[in-house]
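Subject: The structure we talked about

Hello,

Here is the structure for you to open alongside this email. Once you have it on screen, the notes below walk through what turned up.

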Amino acid sequence: MYVMIICGAPGSGKGTQSDLIAEKYNLLHLSTGDMLRSEVASGSELGKTIDSFISNGELIPDELMEDLLCHRIDTLEPHIKGVILDGFPRTVAQAEALEGILTDRKLKVDALVDLDVRHDELIIRLLNRGKTSGRSDDNIDTITQRLHVYAEKTMPVNNYYINKGMYHKVEGMGTRQEILDRICSVIDKTMSQK
Ligand code: AP5
Ligand code: MG
């Protein structure tokens with residue numbers, strides 16, 4: 001099974017590109033943000049706790065995220081030929097946990113694609129999406145906090161994968177198709193090395 005991580009700041013296009021990649025390569029798009037939002041929508045007690053983290057632009061605690069991801073990987077349908085992890089790992093502790101989770105299942109990360117988008121463009125995209133998304137975190141105060149948390153806790157994850165030779169920075173500005181083409185050259189190369 002091919003395993004790729006797509007990462008980048010809030011609004012960098014992880015979800016948009018994951019959907020395009022999933023369709024082109026017949027991979028499964030696993031977004032931890034989407035998983036959490038569906039738990040919130042269910043109205044459960046856990047969902048209420050999760051909502052308070054998301055609405056404040058804070059990360060959900062590592063252990064909860066690791067359990068959630070582990071469960072999702074263990075319930076993958078057997079015909080799945082690969083997954084795109086969107087939004088996980090978001091801390092170095094999650095990256096270390098992911099390595100253990102995958103190794104235990106005889107899997108490994110094949111590539112990490114980091115979408116590089118200018119700060120002002122991120123804010124424009126998120127505020128624009130906020131007009132229709134209904135997401136509790138698409139407002140300027142929460143966006144500012146999400147970007148701060150990203151810089152402090154998630155950017156260090158890049159070094160973890162740079163050291164393992166799996167890191168690929170991709171220019172995330174331009175049209176959706178231009179960005180997809182750049183990502184595809186990373187996927188084609190890393191899939192052929194598998
Ligand atoms: P998550 O849902 O992952 O949100 P995020 O990382 O903040 O990123 P977004 O989903 O907002 O942006 P995106 O990069 O997917 O961009 P998109 O394609 O939508 O996480 C939300 C929260 O959940 C976190 O803050 C945290 O609380 C929690 N969480 C999730 N995972 C966690 C974890 N592992 N650990 C702990 N907590 C976790 O694009 C954005 C907009 O731009 C869209 O409107 C899109 O149409 C538009 N757009 C896309 N591409 C382009 C382009 N090329 N040109 C112009 N516009 C574009
Ligand atoms: Mg997203």
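By what part of a helical turn are Lys 48 and Glu 45 separated in helix 3? They are separated by about one helical turn, because they sit three residues apart in helix 3 (residues 45-55). Helices here are DSSP runs of H or I with at least four residues, strands are E runs of at least two, and both are numbered from the N terminus.

Before going further, a word on the source: this is a predicted model, in which local features need pLDDT of at least 70 and side-chain atom pairs count only at pLDDT 80 or more, while totals for chains, interfaces and linings use all residues. Residues are numbered from 1 along each chain as its sequence is written, chains are lettered from A and ligands numbered from 1 in the order in which they are written, and side-chain values use heavy atoms, with hydrogens and water left out.

Salt bridges

Side chains of opposite charge can pair when their charged atoms come close. The structure has 12 salt bridges, each being a side-chain nitrogen of Lys or Arg within 4 Å of a carboxyl oxygen of Asp or Glu. Lys 48 and Glu 45 make one of them, with 3.2 Å between the closest N and O atoms. Both Lys 48 and Glu 45 are exposed (exposed is over 50% relative accessible area, buried under 20%, and partly exposed in between, with a 1.4 Å probe and protein chains only).

In helix 6 (residues 119-133), Arg 125 and Glu 121 are four residues apart, about one turn of the helix. Their salt bridge brings the closest N and O atoms to 2.8 Å. Arg 125 counts as partly exposed because its relative accessibility is 24%, and Glu 121 counts as partly exposed at 22%.

A further salt bridge joins Asp 137 to Arg 146, where the closest N and O atoms are 3.6 Å apart. Asp 137 and Arg 146 are both buried. Through shared partners, salt bridges link Arg 129, Arg 135, Asp 137, Asp 138 and Arg 146 into one network.

Around ligand 1

Ligand 1 is surrounded by 30 residues, counted when one of their heavy atoms lies within 4 Å of it. The closest are Thr 16, Glu 58, Arg 90, Arg 129 and Arg 146. Arg 146 places a polar side-chain atom 2.7 Å from an oxygen atom of ligand 1. Polar backbone atoms also lie by oxygen atoms of the ligand, that of Gly 15 at 2.9 Å and that of Gly 13 at 3.1 Å. On its own, ligand 1 has 1,000 Å² of accessible area, and the protein covers 89% of this (Shrake-Rupley method, 1.4 Å probe).

Which elements give two or more residues to the shell around ligand 1? They are helix 1 (14-25), helix 2 (32-41), helix 6 and helix 8 (176-192). Helix 2 gives the most, with four residues.

Two buried residues

Helix 7 (residues 140-162) holds Thr 142, which is buried because its relative accessible area is 6%. The side chain of Thr 142 makes a polar contact of 2.9 Å with the side chain of Asn 139. Such a contact is a pair of N or O atoms within 3.5 Å; within protein, one must be able to donate a hydrogen and the other to accept it, and residues adjacent in sequence count only if both atoms are side-chain atoms.

Back in helix 6 you will find Leu 122, buried with a relative accessible area of 3%. Leu 122 and Met 173 are 51 residues apart in sequence, and their C-alpha atoms are 9.9 Å apart in space.

Best wishes
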